[in-house]
Amino acid sequence: TVLAFLIMGSEGAIEHWSKLYLQNIVQISSEKISGFGFVAFSITMTLGRFFGDAISKRFGSVSIIIAGCIISIIGFISVLMASLGSSIIGFALVGLGFSVIIPELFRLAGKTKGVSSAKAISFVAGFGYLGFLLSPPFLGFLSEIKNLTLSFTALFAITVLALCIALF
């Protein structure tokens, strides 16, 4: 449930803040180009969700969650380089990494012993959506303290925390 909160919170933050990050931090003035970060994130998120089951069957849920966190961490490092190319590639990597984590958390929740699948999945989904809703305003608060670089550094740290949780 904590992983779902962290990862879906980060997904929500990227949905709300990626365009502003490209405009304010990367200094992209074009409205059309500044949306490419979210487009790249969405495309790789879609592809990862589409092909994730086949990859999961081969490597297992925990390995996929760990790999997804690592790919996302590399993506956030690329985003934080604050150039147009690296940021768009970074958003794409974050989308690819995150794409496989939530479905795997649902799969693991459905297999929890002693709890019905429906209850376990709804609990994970509920915490995930709570993160999705709470994260964007929290990151807005952080950006008011300093700027969006602080917010995206927080997302990087959250993803590192998610990796640590997945490893242990």
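Q: Which helices do the buried residues of α5 pack against?

A: Helices are DSSP runs of H or I with at least four residues, numbered from the N terminus, and buried means under 20% relative accessible area, with exposed over 50% and partly exposed in between (1.4 Å probe, protein chains only). Here the buried residues of α5 pack against α1, α3, α4, α6 and α8, and among these buried residues are G90, F91, V94 and F98. This is a predicted model, in which local features need pLDDT of at least 70 and side-chain atom pairs count only at pLDDT 80 or more, whereas totals for chains, interfaces and linings use all residues. Residues are numbered from 1 along each chain as its sequence is written, and side-chain values use heavy atoms, leaving out hydrogens and water.

Q: What is F91 in contact with, beyond its neighbours within four places in sequence?

A: Contact means heavy atoms within 4.5 Å; on that basis F91 is in contact with I14, S18, Y21, L22, G37, F41, T44, V79 and F152.

Q: Which residues touch the most other members of the largest nonpolar core?

A: A nonpolar core is a set of buried Ala, Val, Leu, Ile, Met, Phe, Trp, Tyr and Cys residues joined through side-chain atoms within 4.5 Å. Of the 41 residues in the largest one, I14, Y21, F91, F98, I101, L105 and F152 touch the most other members, and α1 gives the most to this core, with ten residues.

Q: Is L47 buried, partly exposed or exposed?

A: L47 lies in helix α3 and counts as partly exposed because its relative accessibility is 44%.

Notes. Helices (H or I, at least four residues) and strands (E, at least two) are DSSP runs, numbered from the N terminus.
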